[in-house]
Amino acid sequence: MWESLSRYLGIVVLLSLITSPPAVAQPAGVSPGDYAGHRADGATVIVEGERATARISFYRPEMVRVEWLPSGVASADTSFAVIRTPDYRPTVRETDEAIYLRTPELTATVHKAPLRITTADDRGRTLLAEMDRPLLVTDSTRTVQFASDSTLAVYGTGERGGSLNLQGRAFDVYNTQRYGYNAAPATMKINIPLAFTTGGYALFMDEVDRGRFDIGASTPGRLAYTSEYGAVSYVVIAADDIREQLRHYTWLTGRQPLPPKWALGYIQSKYGYRTETEARGVVDTLRMKEFPVDAVVLDLHWFDHMGDLAWNREDWPTPFDMMKDLSDRGVQTVGITETYLAAPSDLFQAAIDGGHVGTRPDGSAYRIPDWWSCPDGCPAVLADMTRPETRSWWWEKHPPFMGDPVAAGDSTKGKMAGLWTDLGEPEKHPDDMQHHLGAAPVIHNAYNLLWAETLYDGLREMRPDQRVFNLTRSGSAGIQRYGTVHWSGDVARTFTGLADQPTLLLQAGLSGLAYYGSDIGGYLGDDLSPELMIRWMQHGALTPTMRPHGVDNLPTEPWRFGDEAESIIREHIRFRYRLMPYLYTLAHENHTTGMPIARPLFFANPDDSDLQDESDAYLLGDALLVAPVLEDGVRTVDVPLPSGDWLDIHSNAILEGGETVQMDAPLDRIPVLIREGSIVPMRPVAPHTAAQPRDTLMLKVVPGPDAASFTLYEDDGESMAYTEGAYALTSITQSMSESAGEANGQDLVVTIGASVGSYDGMPAERIVRTSIARVGRTPDSVTVNGEPLRRRRDDATVQQMGGFSYDAEARVLSVQTRLDTREAHRITVQDVSVR
C-alpha cells in the first residue's frame with residue numbers, strides 16, 4: 001500500500017547500532033585519521049580511514065552524497081527523505097595525495113592525509129571543504145564540520161524566524177511545538193536540515209535524528225552539523241542560483257502534487273465549531289455577507305475524545321448530509337485528527353492490545369500521564385506510525401468517518417474533502433519511548449512524514465481521482481510530496497506574533513514547503529484589536545493559503561470586528577479570488593519545478609546583496625511584490641525595491657527600483673506592486689473557486705522595455721487528470737514593435753496564444769479583458785487580429801459592450817473582446833506612448 005515503505009525497513013536491521021553507543025567505543029573527539037584504502041562498490045566509492053569510512057556516490061553530475069561511518073557503525077543505506085538512487089558514475093583518478101571523483105559539474109576530492117573531502121564546481125572553485133578533522137565522534141554525538149565562507153548568505157532549514165540570512169546562527173534541529181509564541185523561537189516544529197547558500201552550493205544533511213546546525217555561530221567560517229546516532233550523511237548540490245539549488249533538492253526528495261483549487265481559497269477555521277448547527281451557521285453568514293469561502297475546518301469537537309475516528313452524533317446528527325449540503329454550495333469540510341489516543345477513546349485499549357503504540361524499554365505500553373485533552377487529566381498513548389501494521393490499522397479507521405460510501409453505509413452523500421493532522425511533531429515524545437524503527441530521538445522528526453505518507457497513500461487508493469489536502473503542523477524533509485499544507489503554529493495574537501510571519505513563510509518555501517500560512521489573527525491571547533485582524537488578513541490574503549484560526553474566546557470570523565474591519569477584510573479576500581488564475585499557475589510551477597509561491601526579494605535580483613536579508617516584504621510569484629503592515633498604528637511602509645520599475649496597484653504610480661521607497665499604507669490598504677514587464681491573469685470574484693467563470697479572463701499588463709511573457713495554466717481544479725496531461729497552457733506575451741503608421745512610433749502588442757491541451761470543462765471561447773497600465777495618451781487605434789475595436793467612453797461600457805477605453809488620470813487602457821481559445825490572437829495598440 002505504501003510505495004516508499006521499503007526505504008525504511010532497512011533501518012530495522014540497524015537499530016542495535018544506532019540506538020546504543022557504537023560497538024567500538026570512541027574517545028571524545030576522535031576523527032577519521034588518514035587514508036587506509038578504497039574500493040568501488042557499483043556506483044559508490046568506499047574510502048577507508050583509520051577510524052571511519054566514507055561512502056561517496058552521485059545522484060546527478062551536480063549532486064554528490066557523502067556518508068561518514070564511524071568505526072563499528074554500518075551504513076543505513078536508506079533514507080526517509082530521498083526518493084532517488086545515487087547511480088551516476090564519476091571518473092576516478094588517484095594520486096599519492098588524493099582521489100579525484102569527477103563529473104561534468106563538480107569534483108569530489110578525497111584528501112588522504114588527513115582523510116577529508118572537498119567539493120569543487122566545474123570551474124575548479126571550492127564549494128564546501130571538510131575541515132582537517134571532518135568527523136568528530138564521541139560516545140553520544142557525531143559532528144561533521146566544514147570550512148565555509150562566513151560572508152555567504154544561508155537560507156532554509158525549515159521553519160525559522162528572525163533574520164532571513166542564517167549566517168552566524170546556531171539552532172537545534174528537532175521538531176518542537178511552541179504554544180503562544182510572540183517572536184518566533186530559534187527551533188520550532190518543522191526542521192529540515194537543508195541550507196541553501198549564495199556560494200554556489202546547497203548542503204542537505206540527510207538526517208532525521210536529533211541534531212544541531214552551527215552556521216558560523218561558535219566559530220566564523222565553520223559550518224557544522226551534529227547528530228546523535230549512527231552514520232552521518234550529507235548531499236552537496238552544486239548550482240550557482242538558489243532557485244536552481246531548490247529545483248535539484250525537490251527533484252531529490254519529491255515535488256508537491258497539485259492541491260485541489262479550493263485549497264487556495266478562503267478557509268474558515270476556529271477551535272472550535274462545536275455543533276453541526278454552528279458549522280452550518282458560519283457558512284450561512286459568510287454567504288449572506290458575500291464573503292467568498294471554499295472550506296470550513298472542524299477542530300476537536302467533531303468527535304467525543306481525542307483518538308476517536310468517529311462522529312459525535314449527538315452534536316453532529318447528520319454529518320454526511322451536512323458535508324453534502326456544504327459541498328453543493330462550494331464549501332468543503334476538513335476535519336482534525338491526532339495520533340494521540342486518550343484513555344476515554346474507544347481506540348485506546350484496542351491500540352494497546354494490538355501493539356500499535358509506543359512502548360517503554362520493557363515493552364509495555366507507554367502511557368503519557370495527565371493528557372491535556374481530558375478536563376480532569378487522563379493517560380494517553382501515541383500510535384506508532386513507524387510500524388507497518390499500525391499504519392494499516394490506523395488508515396482503516398478513516399473511510400467511515402470521511403464518507404467512503406462502502407464503509408460508512410449512510411454516507412453516500414457528503415464526503416470529508418481533507419484532513420487536518422495535528423500534534424505530529426510528536427508534541428509529547430519522551431526520549432525513552434520506543435518505536436518499531438527506534439527510540440524517540442531517532443525517529444522523532446520523521447514521525448509526521450510517515451503519518452502523512454500513510455494518509456496520502458490511503459486517500460489515493462480510496463479516492464484515486466481526488467487530490468489530497470492534509471493541513472499539518474510539523475514536518476521534515478520530503479513531506480511535501482504527500483500533499484501537505486503547513487502553518488506556523490499557535491502564534492500569539494499580537495503584532496509581534498504577526499511580524500515574524502513573512503520570514504517564516506519565506507524560509508518554509510526555501511525548504512521545499514510551498515504551501516504555508518498562519519493562524520490569521522493569532523491563536524492565543526487577549527488582543528481583539530480590529531486593526532490587528534485587518535493587517536493579518538491583508539497579509540494572509542497574499543500568502544499561499546488563507547485560514548484564520550483561534551481558540552474559543554477569540555473571534556476568527558471576519559464580521560466579528562466591526563463594520564469597517566468587515567468591509568476591508570471582505571475586499572482583500574475578494575482580491576485574492578481575483579488573483580486565482582495567477583495563484584493556480586504558481587501552484588503548477590511549484591509542482592513542476594519546486595519553486596516556492598512566496599519568494600524572497602533577492603529572487604528578483606540575486607546579485608543585490610542589500611536584498612539578501614530582506615523578509616518583511618516578499619514576492620508572490622515573479623510579478624507581485626507584497627509589503628504587509630506589521631506594526632500597530634503604522635500608515636506608511638518602507639519597501640526595498642529590486643531593480644526595474646514597479647507599478648503601485650492602488651495609485652497606478654510608477655516607482656523606480658534599486659532603492660527603498662516609502663509607500664502609503666492606510667488601514668484599508670496593503671502595499672502591492674507589479675513588476676514592469678509583467679502579465680497577471682485574473683478572474684471575476686465568485687462565492688467559491690469552482691464558481692469563478694472559466695469563460696472570462698482578465699489580464700493586468702504592465703509594459704516594460706523588453707518583451708515579457710506569462711504561461712497560464714488551467715485544468716479542472718479537482719481531479720488527478722492533470723497527471724495524465726489533461727490541462728491547457730496558454731502563452732501570453734507583450735512587446736513593443738516599430739509602428740507602421742508613425743515614424744519613430746511604437747506599437748504595443750499583446751499576444752494571447754492558442755491554448756495547448758485540454759481538460760474537462762475547458763471553454764471553447766472566452767471574454768478577455770485586458771487592462772494595460774502606464775499608457776501615456778489615448779492610442780490612435782486598437783485592433784484585434786488587424787480588426788479595429790470601437791472606442792467607448794469608459795471601462796464600464798467596455799465591460800458591457802466590448803471595445804476599448806482610456807482613463808487619462810490612471811493612464812490605463814482597457815480592452816475587451818471575445819476570443820476563440822484554440823486560436824492565437826494579437827491585440828495591437830498603435831502608436832502608443834508608454835511611460
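Buried residues have under 20% relative accessible area, exposed residues over 50%, and partly exposed residues lie in between, with a 1.4 Å probe and protein chains only.

## Basis of the model

This is a predicted model, in which local features need pLDDT of at least 70 and side-chain atom pairs count only at pLDDT 80 or more, while totals for chains, interfaces and linings use all residues. Residues are numbered from 1 along each chain as its sequence is written, and side-chain values use heavy atoms, with hydrogens and water left out.

Helices (H or I, at least four residues) and strands (E, at least two) are DSSP runs, numbered from the N terminus. Two strands pair if DSSP finds at least two bridges between them.

## Helix α4

Helix α4 covers residues 276–288, 13 residues in total. From its first C-alpha to its last, α4 reaches 18 Å, close to the 18 Å expected at 1.5 Å a residue; the expected span is 1.5 Å times one less than the number of residues. Glu290, which follows α4, has a positive phi near 65 degrees.

The buried residues of α4 are Glu276, Ala279, Val282, Val283, Leu286 and Arg287. Seen down the helix axis, they fall within an arc of 140 degrees, so they line one face of α4; the arc is that of the directions from the helix axis to the C-beta atoms. Thr277 and Met288 are exposed, on the face turned away from the buried side. The buried residues pack against β18 (267–268), β19 (295–298) and α5 (319–328), where contact means heavy atoms within 4.5 Å.

## Strand β33 and its partners

Strand β33 (residues 645–648) runs antiparallel to strand β34 (residues 654–656), and 3 bridges join them. Leu647 has Ile654 of β34 as its bridge partner. The hairpin of β33 and β34 has 5 residues between the strands, and Asn652 takes a positive phi near 65 degrees in it.

β33 also pairs with strand β36 (residues 672–675), in the antiparallel sense and over 3 bridges. Here Asp648 stands opposite Leu673 of β36.

## The five-stranded sheet

An open sheet of 5 strands has mixed pairing and the order β37-β38-β43-β47-β46. β37 (678–682) and β46 (803–807) stand at the edges with a single partner strand each, so one side of each has no neighbour in the sheet. From one strand to the next, the twist averages 20 degrees; axes are lines fitted to C-alpha atoms, for helices over the stretch in contact, and angles run from 0 to 180 degrees between N-to-C directions.

At one edge, β46 pairs with strand β47 (residues 812–820) in the antiparallel sense over 5 bridges. Asp807 stands opposite Val812 in β47.
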